[in-house]
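User: I am new to this structure and would like to go through it step by step. Could you begin with the terms that the answers will need?

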Amino acid sequence: TPLAQKYWITNGALHAHHVVVFAHLISGEQNHGIHAVLVPIRDKELNVLPDVLVEEMGYKMGLNGVDNAKLTFNNVRVPKDNLLDKFSKLSDDGTLTSDIKSSRARFLAVADQLLAGRICIASMCMGGSKASLAIAVKYSATRL
């Protein structure tokens, strides 16, 4: 669907063969909540697969040596073996089993790993900003 998009995928514009996507896991008519799924986006020759649109995100303020992509998926289906199933298992008949009963708790258990990384990045940015401001203030004091 037009809303099935993923933005700022590192190495996605040119080199990635697979991406991890958080999406609703639907088997039969049952929605089991959001799960992490390994989704192929290119074949071995780096050709984009059918029903996947890859767009380069373009010039950025930094890290322009890394290609970033916006991915759009049009009814892409993946085999059940592509489910990243540390916390959940999907049987051949579509039954989901998990030690974590709440779909929200399952999602948070997986997303927690991503959240920690983002908090670290934000903290490093704050540290860099503080250092830059301190240097600028010191330098400006010498210019008086």
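Analyst: Buried means under 20% relative accessible area, exposed means over 50%, and partly exposed is in between, with a 1.4 Å probe and protein chains only. This is a predicted model, in which local features need pLDDT of at least 70 and side-chain atom pairs count only at pLDDT 80 or more, while totals for chains, interfaces and linings use all residues. Residues are numbered from 1 along each chain as its sequence is written, and side-chain values use heavy atoms, with hydrogens and water left out.

User: Is Tyr-7 buried, partly exposed or exposed?
Analyst: Tyr-7 has its place in strand β1, where strands (E, at least two residues) and helices (H or I, at least four) are DSSP runs numbered from the N terminus. Its relative accessibility is 45%, so Tyr-7 counts as partly exposed.

User: How far apart in space are the C-alpha atoms of Tyr-7 and Met-57?
Analyst: Along the sequence, Tyr-7 and Met-57 are 50 residues apart. In space, C-alpha to C-alpha, the separation of Tyr-7 and Met-57 is 8.2 Å.

User: Which class does Thr-10 fall in, buried or exposed?
Analyst: Thr-10 is found in strand β1, and its C-alpha atom is separated by 15 Å from that of Gly-117, which is 107 residues apart from it along the chain. Because the relative accessible area of Thr-10 is 51%, this residue is exposed.

User: Which strand gives the most to the lining of the second largest pocket?
Analyst: A pocket is found on a 1 Å grid over the protein atoms alone, as an open set of points where a 1.4 Å probe fits, with protein on both sides within 12 Å along at least five of seven lines, and its lining residues have an atom within 4 Å of a point. Tyr-7 and Thr-10 are among the residues that line the second largest pocket, as are Trp-8, Phe-22, Leu-114 and Arg-118. β1, β2 and α1 (103-142) each supply at least two residues of this lining. The most, 5 residues, comes from β1.

User: What is the volume of the second largest pocket?
Analyst: Its lining divides into 7 nonpolar, 1 polar and 2 charged residues, where Ala, Val, Leu, Ile, Met, Phe, Trp, Tyr, Cys and Pro count as nonpolar, Asp, Glu, Lys and Arg as charged, and the others, Gly among them, as polar. A volume is the space filled by probe spheres set on the grid points, which are joined across faces, edges and corners. For the second largest pocket this volume is about 330 Å³.

User: Which strand supplies the largest share of the lining of the largest pocket?
Analyst: The largest pocket has a volume of about 860 Å³ and is lined by 26 residues, of which Ala-23, His-24, Val-76, Arg-77 and Val-78 lie nearest its centre. By class, this lining has 16 nonpolar, 7 polar and 3 charged residues. β1 (5-10), β2 (18-27) and β3 (30-40) each supply at least two residues of it, and the largest share, 7 residues, comes from β2.

User: Where in α1 is the kink centred?
Analyst: α1 has 40 residues and reaches 58 Å from its first C-alpha to its last, close to the 58 Å expected at 1.5 Å a residue, the expected span being 1.5 Å times one less than the number of residues. The bend at a residue is the angle between axes fitted to the seven residues ending there and the seven starting there. The kink in α1 is about 40° and is centred on Ala-111.

User: Which residue caps the N-terminal end of α1?
Analyst: At that end of α1, a side-chain oxygen lies 3.2 Å from the backbone nitrogen of Arg-104. The residue that caps the N-terminal end with this oxygen is Ser-102.

User: With which side chain does the side chain of Ser-88 make a polar contact?
Analyst: Ser-88 is in the loop between β5 (68-73) and β6 (89-90), and it counts as buried because its relative accessibility is 4%. A polar contact is a pair of N or O atoms within 3.5 Å, where within protein one must be able to donate a hydrogen and the other to accept it, and residues adjacent in sequence count only if both atoms are side-chain atoms. At 3.4 Å, the partner of the Ser-88 side chain is the side chain of His-35.

User: What value is phi of Asn-75 near?
Analyst: Asn-75 lies in the loop between β5 and β6, and with a relative accessible area of 58% it is exposed. Its phi is positive in a residue other than glycine, with a value near 55°.
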